[in-house]
Amino acid sequence: MAALGLLVAAVATTWMLWPDPEPRQREYLNATACLLTDHAGISDDAAKPVWAAMQEASVSSLVKVQYLAVNGPQTVDNARNHVASLAGSRCGLVIAAGPAQIDAVVAAAPSFPKVRFVTIGGSATAANITVISDSAADNLRTALKHEVTALADSAS
């Protein structure tokens, strides 16, 4: 009986002292990169490679990524409301894919000087906008990884 008690005590002690397994969830930084798309969301041809690159950059930088599709009319005025929503919330980096979204970022960026903006194409007129004009997959991935990593560095 003493042997059985010793065995139970040994098993219980081993179980209590056993190291916890690797955490199943990622510990993200307090930084979010947001993609603004047209009504089709991330299934749109312009947004698919951007979203894939953002997710890849998220894994290595621990920056959260999310997207917002412009609902309703695909106009600059409507998209600008969505830009303001992203920039006024927790998005430290707003990426625009699509013509109305890009024009909305160009119009809204001066109002949000602490937020970084990236447009996939277009032309920038504000100091806080970066234009990625080469949308070839490798170049897009590299450029977006650089932008997301810069956001991670500023959040650390």
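## Basis

The model is predicted, so local features need pLDDT of at least 70 and side-chain atom pairs count only at pLDDT 80 or more, while totals for chains, interfaces and linings use all residues. Residues are numbered from 1 along each chain as its sequence is written, and side-chain values use heavy atoms, with hydrogens and water left out.

## Overall fold

The protein chain has five helices and five strands. Helices (H or I, at least four residues) and strands (E, at least two) are DSSP runs, numbered from the N terminus. In order from the N terminus, the elements run α-β-α-β-α-β-α-β-β-α.

The chain has 156 residues, and 37% of them count as buried. Buried means under 20% relative accessible area, exposed means over 50%, and partly exposed is in between (1.4 Å probe, protein chains only). A contact means heavy atoms within 4.5 Å. Among contacts between residues at least 6 apart in sequence, 59% join residues at least 24 apart.

## The disulfide

How many disulfides does the rule give? The count is one disulfide. The rule asks for a pair of cysteine sulfur atoms within 2.5 Å. Here Cys34 is joined to Cys91, with an S to S distance of 1.8 Å. The link of Cys34 and Cys91 is left-handed, with -75° about the S-S bond. Cys34 belongs to strand 1 (residues 32-37) and Cys91 to strand 3 (residues 91-96), so the bond ties together parts that are 57 residues apart in sequence. Cys34 is buried at 0% relative accessibility. Cys91 is buried too, at 3%.

## Helix 3 against helix 4

Helix 3 (residues 76-87) and helix 4 (residues 99-108) have axes that come within 8 Å and cross at roughly 65°. Axes are lines fitted to C-alpha atoms, for helices over the stretch in contact, and angles run from 0 to 180 degrees between N-to-C directions. The crossing of helix 3 and helix 4 is right-handed. That term applies if the near helix is turned clockwise from the far one by less than a right angle, and left-handed if anticlockwise.

On the helix 3 side, Val76, Ala79, Arg80 and Val83 take part. They meet Ala100, Gln101, Asp103, Ala104, Val105, Ala107 and Ala108 of helix 4. The residues of this contact divide into eight nonpolar, one polar and two charged. In this sorting, Ala, Val, Leu, Ile, Met, Phe, Trp, Tyr, Cys and Pro count as nonpolar, Asp, Glu, Lys and Arg as charged, and the others, Gly among them, as polar.

Helix 4 is mostly covered, with seven of its ten residues buried. They are Ala100, Gln101, Ile102, Ala104, Val105, Val106 and Ala108. Which elements cover them? The cover includes strand 1, helix 3, strand 3, strand 4 (116-120) and strand 5 (129-132).

| Residue | Element | In contact with (heavy atoms within 4.5 Å) |
|---|---|---|
| Ser58 | helix 2 (residues 48-61) | Tyr28, Val63, Lys64 and Val65 |
| Gln101 | helix 4 | Leu36, Thr37, Asp38, Val70, Gln74, Ala79 and Ala96 |
| Val106 | helix 4 | Ser123, Thr125 and Ile129 |
| Thr119 | strand 4 | Ala96, Ile102, Val105, Ile129, Thr130, Val131 and Ile132 |

Gln101 is buried, at 1% relative accessibility. Thr119 is buried as well, with a relative accessible area of 0%. Val106 lies 16 residues from Gly122 in sequence, and their C-alpha atoms are 8.8 Å apart.

## Around the end of helix 2

Is Ser58 buried or exposed? Ser58 is buried, with a relative accessible area of 5%. Its side chain reaches the backbone oxygen of Val63 at 2.6 Å. Ser58 and Val148 are 90 residues apart along the chain, yet their C-alpha atoms are separated by 7.4 Å.

Leu62 sits in the loop between helix 2 and strand 2 (64-69). Leu62 is not a glycine, but has a positive phi of about 65°. Leu62 is partly exposed, with a relative accessible area of 29%.

Conventions
Polar contact = N/O pair within 3.5 Å; in protein donor to acceptor, adjacent residues only side chain to side chain.
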